[in-house]
Amino acid sequence: MNLLLSSLVVTAVLIPLIVALERARPRPRDLMPVIVLAAIAIVGRIALMPIPNFQPATALIVLAGLFFGRHAGLLCGMLVALVSNMVLGHGPWTPWQMLAWGGVGYFAGVFFCRDDQNAHFFTPAFKIAVLGYGIAVSLLYGLLMDVQFFIAYAWQTGWTGLMTTIGMGLPMNVSHAVSTSIFLALTLVPWGKKLHRLRTKYGINSI
Amino acid sequence: MGQTLVQAVGNSDRNAIRISVNRVGRSAQLATRFSLLHPAVMLLFFAGVILLTLLSYHPAILGLSAGLAILNICLYMGIARLWQLLQWVIPMALVVILFNMLFNHRGATELLSIGQWTFTLESLFFGASIALMLTAIMFWFRLYSQFMTSDRFLYLFAPIVPTIALSVAMVQRWIPLTKQRFVQIRNAQKMLNPKARGVRPLTQALSSLMSWSIEDAIQTADSMQARGYSGRYGDRYEGKYENGDDTKSAVRRSSFRSYHLTMRDICMLIAFGMLIVMGTASLFITTREFGFFPVVYGTEQLSGIALFAAAVLMSFPLVLEGGQQLRWMQSVRKA
């Protein structure tokens, strides 16, 4: 019952976001960078499975939101969750991951995306802010997943159970945050320059 | 000598054919009677099964669900796949059971107590039934991803959420392409500079992978727009995008596979709908009386109607395909 209700609530939260995305009615051309980033994120997530929770997905979703707008970030996050779980296994956690990653991309767009995002002029303060955002959302993502585990399978264990779930998840979440900050630091400026060039070259719009 | 060589070549050819058939079987899957149903029927079937499994913690209905899911997986996907799946379902189930045992101290029947920690039989039962629910759900989701292939998914959802449906289909195509291109780039790098080590060549490879993929993707995007992909199936989309771009496509969109809602599909939709409503209502009413703490109570409250509805719904693919399979095995044995 808890599992059912929580999944339904999360799906209900996703619906207005999806409606907003569909209302934006992006051209296929505007979707392409998002799709490519999502594909690289999924391949990276699956390839790095042996290292627990070490993955480029969150970093690339932040990039999608940062350079192509909040709906691009939302779409990228939802795609990564939906499609990578087709390989890794769907479950009641799929809507939660879609919401969490979609939110990561959406708020990256809200906070950082400007009309003409140009990585040539990123200030150090901006870079630090993006890195901080990446670390914070990685930890929040892990927290949401731990809460999902607790609500669905262990809510009877009460406060100590919740704290233990979060405590046990901590190493995994730290690994996630470390990987996100590494990938963000490696890609933010070089990929940003390339994305800016591609965008002026082909007239890709933010969504 | 010549003879053996010919045989060897023949055998290797036969192997090649078998391998390619297996591949086709994996991606497009050989037609079964269940896979020939309309996608909407399939979606309703899986939605109903998952709903009935999630609604209660009654062990009878969870056991029924898990058991029938296992039989379905054996029938449609083979025992090897079931074994693969079990290898990661069982540890997860054990984690859930242990976690509940360790941190839930409610319940009247004490099994063991160490200091202030008490482990009770009821929390073991409770953890076991949640683990059973998790197991059953994972089995059904595995069957779902086996049957709801991307063309069915697109067929159902493209009219409602065209952007997301299109993106899912594109990402699925781009995943193998990305892998293949990454290997190509790495090979070129190794050939040009065999001694290069460390992170730098890797980041360079990833960066060129990204720009190569996007440059290529733009062309695909233009082509898809020209072929009418941004609208519904069969529509020629002639609206304007938000930025004022004209979006008129050159041709009407055609779909790879079209499904027709036959009379049989409509009957199945109605039957499934009735079973789901029946099962949900009776589960909702009866299993409220069922609980674990302080002692397990209300086990006998489960109504026969709910069990009947769940059993009929969940064994539907078995009945649909099982007879055929049996007949096939008999004919193979005869021949």
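**Entry 1: a helix pair in chain B**

I looked up how helix H2 (residues 39-54) and helix H9 (residues 263-286) of chain B pack in this predicted model. Their axes lie 10 Å apart, and the angle is about 10 degrees. Angles under 35 degrees count as roughly parallel, so I list H2(B) as roughly parallel to H9(B).

I then noted the residues that meet. From H2(B) they are B:Ala40, B:Val41, B:Leu44, B:Phe45, B:Gly48, B:Leu51 and B:Leu52. On the H9(B) side I found, among them, B:Asp265, B:Met268, B:Phe272, B:Ile276, B:Gly279 and B:Leu283. I sorted the residues of this contact by class: 11 are nonpolar, 4 polar and 1 charged.

**Entry 2: helix H6 of chain B**

Which residues of H6(B) are buried? In this helix (residues 150-157) I found B:Asp151, B:Arg152, B:Phe153, B:Leu154 and B:Leu156 to be buried. I checked what they pack against: H2, helix H5 (121-147) and H7 of chain B, and also helix H4 (70-88) of chain A.

**Entry 3: the second largest pocket**

I looked up the volume of the second largest pocket, which is about 640 Å³. I found 26 residues in its lining. Nearest its centre lie A:Phe183, B:Phe182, B:Leu202, B:Thr203 and B:Leu206.

Which elements give two or more residues to the lining? In chain A they are helix H2 (28-47) and helix H7 (158-202); in chain B they are helix H7 (162-192) and helix H8 (199-226). H8(B) gives the most, with 8 residues. By class I noted 18 nonpolar, 6 polar and 2 charged residues in the lining.

Methods
Residues numbered from 1 in each chain as written. Chains lettered and ligands numbered in written order. Predicted model: local features only at pLDDT ≥ 70, side-chain atom pairs only at ≥ 80, totals over all residues. Heavy atoms only, no water. Axes fitted to C-alpha atoms, helices over the stretch in contact; angles between N-to-C directions. Helix = DSSP H or I, 4+ residues; strand = E, 2+ residues; numbered from the N terminus. Parallel < 35°, antiparallel > 145°, perpendicular 65-115°, else oblique. Contact = heavy atoms within 4.5 Å. Nonpolar A, V, L, I, M, F, W, Y, C, P; charged D, E, K, R; others polar. 1 Å grid on protein atoms, 1.4 Å probe; cavity = no way out; pocket = protein on both sides within 12 Å on 5 of 7 lines; lining within 4 Å. Points joined across faces, edges and corners; volume = space filled by probe spheres on them. Buried < 20%, exposed > 50% of the residue type's maximum accessible area, 1.4 Å probe, protein only.
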